[in-house]
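Please inspect the sequence and the structure before reading the solutions.

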Amino acid sequence: MAQQLHERIQSSSMDMKLDALKDLANSSRDITFAQEFINLDGISLLTQMVESGTERYQKLQKIMKPCFGDLLSFTLTAFVELMDHGIVSWDTFSVAFIKKIASYVCKSAMDTAVLQRSLAILESMVLNSQDLYQKVAQEITIGQLIPHLQGTDQDIQTYTIAVINALFLKAPEEKRQEMAHILAQKQLRSIILSNVIRSNKPINDEMAHQLYVLQVLTFNLLEDRMMTKMDPQDQAQRDIIFELRRIAFDVECESNNSGSIEKRKSMYTRDYKKLGFINHVNPAVDFTQIPPGMLALDNMLYFARHHQDAYIRIVLENSSREDKHECPFGRSSIELTKMLCEILKVGELPSENCHDFHPMFFTHDRSFEEFFCICIQLLNKTWKEMRATSEDFNKVMQVVKEQITRALTIKPNSLDQFKSRLQNLSYTEILKLRQSERMNQEDFQSRPILELREKIQPEIMELIKQQRLNRLCEGTCFRKISSRRRQDKFWYCRLSPNHKVLHYGDLEESPQGEVPHDSLQDKLPVADIKAVVTGKDCPHIKEKGALKQNKEVLELAFSVLYESDEYLNFIAPDKHEYCVWTDGLNALLGKEMTSEFTRSDMDTLLNMEMKLRLLDLENIQIPEVPPPIPKEPSNYDFVYDCN
């Protein structure tokens, strides 16, 4: 088939060429066919067709535009599918090919399928080769990508953001700030907000992932400031602290001749103490801790300038309290900035399968600073509600962290919504939530209760085992293992109802429900399974060099060993499915189920069963030791008359 298609796509007949390319696009998903076609130098043939061959048909574009669009679309689809197998290195492609692909992206009226494939190729080039990143970055600008976000096709928008993310991710550190400045000039954030986040269409998982990646990469621009210590000798940096003092106390910087040096030092020390710095004499020392470094000072200055009334109120309010009850603004800001960086994982690379983006961070050009301004006011409010003293500082920070993380879980659409949510999460409300959760998770420690738990634990474990095996009987759709993230290759695996055989086979597309046994061609008897291996012990993880560094893929990989050296390799779609399958396979082999999911299920079911059994003993104290057995009676000459 590979030989035939290789000849047919070179036909002089337009119709025959079109049919051949269509067949090639479909067949290239199969790795065996792909290997054969690539061995015939098929990739080079396709790139030549893209570079020069299609130009012969561009003259015909006006009279047969749909045919030209299909011809190019099938050519690029076949190319993407063949490259997806990871057989050929991306470094082998010429500048002429890159320019041709970039030209399709830059054209305003381009066939949707061609545009999709071209964007996908550019993303893969950038992600897989530093050399190709340089070439792609020279051929395409952010300004040429922005118009694709203003359309209504969510797939095109997703691919476009993916290319922007790839360029952002691979850019040298010194160019990332420059690129962020260009994105701000082109109003990328507001375009995404109006055309993607607030559009009428629901956001799919792939778009959510790309928005999450963009969010992470944007916040990672803060890492440089976060890891920069303040230089106490730098006058420009010290001037920022003077500015904070000036705004808070409405004082002009005194000239060198005003008063004695001792008097000025005393006045500065007093004001810095009111501002809540740890080091009253030289507050610059407070910003030598990294993280948060200079980022904390940036946030304080932004708050003082853009929310001046709130800033002055917080400083003056606390400086008028007793020393032990004041909420130190300087120390709080430094610790809060550090906490926000931890919550938003500033400096960490984006996760491969995460979709956790927050719409509110796309509503403001200075979203991190605004986020800080809301949270510093929350911290001051919580401090007052807790009637905290300086000894309670860490307790207050723990409560504030809980308030922020609980408010973020509802994914507010705007910073105002986030602020409103925080208003409903007062310290009193946090105490109620903690008490409620504690009651639901109460762990009884008395000896009789522990003995009862041990007695009923085996039947709970048997229940979990049955659930795992039932889930294996329903089966799961797995993605094919590939170096590229986006792909449409799937395979399905399920256990037979009698728990004797694993049925598996390839699928053309993701199934909507269960796949019947008879449609899965391959079988693996459970009796032939020797062992189940996970993580870096899996052969497909050892082989894939690129995947070695991917912690998430490592955590989702497992393999089934059968015969002497044969493996069935899996990459679970998520942690839940990973736990279900590893537990189920271990149960089939008579081994212990040790996943986090099993422990969680055991705790939940065991606590529920305990509460049900002890329901009649509510509010009755259970003694630690059994009550004493009464003495025997002096005689047994007694009877109970029921009448």
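**Exercise 1.** Is K345 buried, partly exposed or exposed?

*Solution.* The model is predicted: local features need pLDDT of at least 70, side-chain atom pairs count only at pLDDT 80 or more, and totals for chains, interfaces and linings use all residues. Residues are numbered from 1 along each chain as its sequence is written, and side-chain values use heavy atoms, with hydrogens and water left out.

Step 1. Buried means under 20% relative accessible area, exposed over 50%, and partly exposed in between (1.4 Å probe, protein chains only).
Step 2. K345 has a relative accessible area of 49%, so K345 is partly exposed.
Step 3. K345 is located in the loop between helix 20 (329–343) and helix 21 (367–385); helices (H or I, at least four residues) and strands (E, at least two) are DSSP runs, numbered from the N terminus.

**Exercise 2.** Which residue is joined to P291 by a cis peptide bond with omega of about -20 degrees?

*Solution.* Step 1. The partner is I290.
Step 1. The bond from P291 to P292 is cis as well, with omega near 15 degrees.
Step 2. P291 belongs to the loop between helix 17 (261–274) and helix 18 (294–306), and P292 is placed in the loop between helix 17 and helix 18.

**Exercise 3.** Which helices each supply at least two residues of the negative patch?

*Solution.* Step 1. The negative surface patch consists of E173, E174, E223 and D224.
Step 1. Helix 12 (173–185) and helix 15 (223–226) each supply at least two of its residues.
Step 2. E173, in helix 12, is exposed at 65% relative accessible area.

**Exercise 4.** How many disulfides are counted?

*Solution.* Step 1. A disulfide is a pair of cysteine sulfur atoms within 2.5 Å.
Step 1. The count by this rule is zero.
Step 2. C327 is in no disulfide, the nearest cysteine sulfur being that of C375, 13 Å away; C327 is buried at 4%.
Step 3. The sulfur of C538 is 14 Å from the closest cysteine sulfur, in C579, and therefore too far for a bond. C538 is buried, at 0% relative accessibility.

Note on methods:
Patches are made of residues with over 30% relative accessible area and no salt bridge: like charges are joined within 9 Å, nonpolar side chains (Val, Leu, Ile, Met, Phe, Trp, Tyr) within 5 Å. Accessible areas come from the Shrake-Rupley method with a 1.4 Å probe; for residues, only the protein chains shown count as cover. A salt bridge is a side-chain nitrogen of Lys or Arg within 4 Å of a carboxyl oxygen of Asp or Glu. Lys and Arg count as positive and Asp and Glu as negative; His and the chain ends are not counted. The place of a charge is taken as NZ of Lys, CZ of Arg, CG of Asp or CD of Glu.
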